[in-house]
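Trainee: Could we go through this model together, setting each value against the definition behind it?

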Amino acid sequence: MIEIAVLFLLLFMIVGMLFVLEIENLLSAVVMMGAIGFGLSVIFLLLGAPDLAIVQIAVEVISLVILIRATIHRDIKEKADESLSQVSAIPILVCLLLFFLLIYPAMSFLPVFGSPVFMNYYSSSIYYLQEGFKITGAPNIISAIILDFRGYDTLGEAIVLFTSILGALSILRYRNKKKEPSES
Amino acid sequence: MMGMTEIVKTVAEWIKGFIIFYGLYIILQGHLSPGGGFAGGVIIACAFIMIELAFGGKRAETELDEHKSHNLDEIGALFFLFLGILGYFLPQIPFFANVIQLYWPGSPFHILSAGSIPLMNLAIGIKVGTGLYSVFTGLSHYDPLYQEEN
């Protein structure tokens, strides 16, 4: 039952992505991106990942739509001039062929879809699941893993966010400063 | 940005507190139920973005101005790093170990439990919320179209 629902939602997301690519109005495209993010969030919820569903619906559905709507003040109607027929199909086909040729030996080692990956007793994920609550005392095992066992990774994530915000603000401020003397 | 109609302003004024409260709930219950610092921080930032969209640029500046949001962003990052090096002078404690849980373990399933995990959630929530809000103010205030309109 869940698999049928997931497949239906995937079909909905593919159709929405085609709408995003083909639609002329920028605002409609952004709203459609929000609908695609909502579909992905429902898929996460059906597959038993409520943490990811909350983050997905907060970031993609709310923030993306609000940020783009707020920072672009007019509806820009644009249609790309160059169509796909101008791009030669041969390089794309060669790239796809090479990709599948090189990825095929690795794909035979992948586990079956839906089966747990590291069921080895000595692997760290089994250790986290069995001993995580006893060691950290946090019932939400995802919080326990990302903030206790893998806290160093989360520090790197925070540094990436900090650096990106710093870079964006410094570039925007530079452009504003450069614009000011011409205005006055 | 000039702000929206009176209906939008009234509704935004009413639900502003509830959205911030919900974000705080998601941050503080991050070690007990699904959620955490990142999602809660984004929700709190969305509350301030909603205020700015509804009332225009000047109103949100009075509640959380740009300088204060930058300072809170840095305080959140430094607080997270401080929780990481908390056990630095104790013997046999690695980097980012949960020192509070080792020495003062709380009772599980309560809000004061799991050592430094709720504090780390709080630090990440402050950092993500104010960071997203400052990016939003940066994008909306330094936009060339915005400069032309005013």
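**Values and definitions**

Mentor: Let us begin with A:Ala106, which lies in helix α4 (residues 89–107) of chain A, where helices are DSSP runs of H or I with at least four residues, strands are runs of E with at least two, and both are numbered from the N terminus. Please keep in mind that this is a predicted model, in which local features need pLDDT of at least 70 and side-chain atom pairs count only at pLDDT 80 or more, while totals for chains, interfaces and linings use all residues. Residues are numbered from 1 along each chain as its sequence is written, and chains are lettered from A and ligands numbered from 1 in the order in which they are written.

Trainee: What makes A:Ala106 exposed?

Mentor: A residue is buried if 20 or more other C-beta atoms, placed from the backbone, lie within 10 Å of its own, exposed if 12 or fewer, and partly exposed in between. A:Ala106 has 8 other C-beta atoms within 10 Å, so it is exposed.

Trainee: What makes a set of residues a nonpolar core, and which residues have the most contacts inside the largest one?

Mentor: The name is given to a set of buried Ala, Val, Leu, Ile, Met, Phe, Trp, Tyr and Cys residues joined through C-beta atoms within 7 Å. The largest such core has 47 residues, and those with the most contacts inside it are B:Val42, B:Ile43, B:Ala45, B:Ile49 and B:Met50. Its largest share, 15 residues, comes from α2(B). Domain 1 (1–76) and domain 2 (118–184) of chain A both give residues to this core, so it lies between them; the domain bounds come from an automatic or database domain assignment.

Trainee: Which residues does B:Val42 touch?

Mentor: Two residues are in contact if their C-beta atoms, placed from the backbone, lie within 7 Å. Leaving out residues up to four places away in sequence, B:Val42 touches A:Ala58, A:Val59, A:Ser63, B:Val128 and B:Leu132.

Trainee: How do you know where the buried residues of α4(B) lie around the helix?

Mentor: The buried residues of α4(B) are B:Ser69, B:Asp73, B:Gly76, B:Ala77, B:Phe80 and B:Leu83. They cover an arc of only 130 degrees around the axis, which puts them on the same side of α4(B); the arc is that of the directions from the helix axis to the C-beta atoms. On the other side of α4(B), B:His67, B:Asn71, B:Leu78 and B:Phe82 are exposed.

Trainee: How many residues does the contact take from chain B and from chain A?

Mentor: The contact takes 50 residues from chain B and 36 residues from chain A. On the side of chain B that touches chain A, α6(B) gives the most, with 14 residues.
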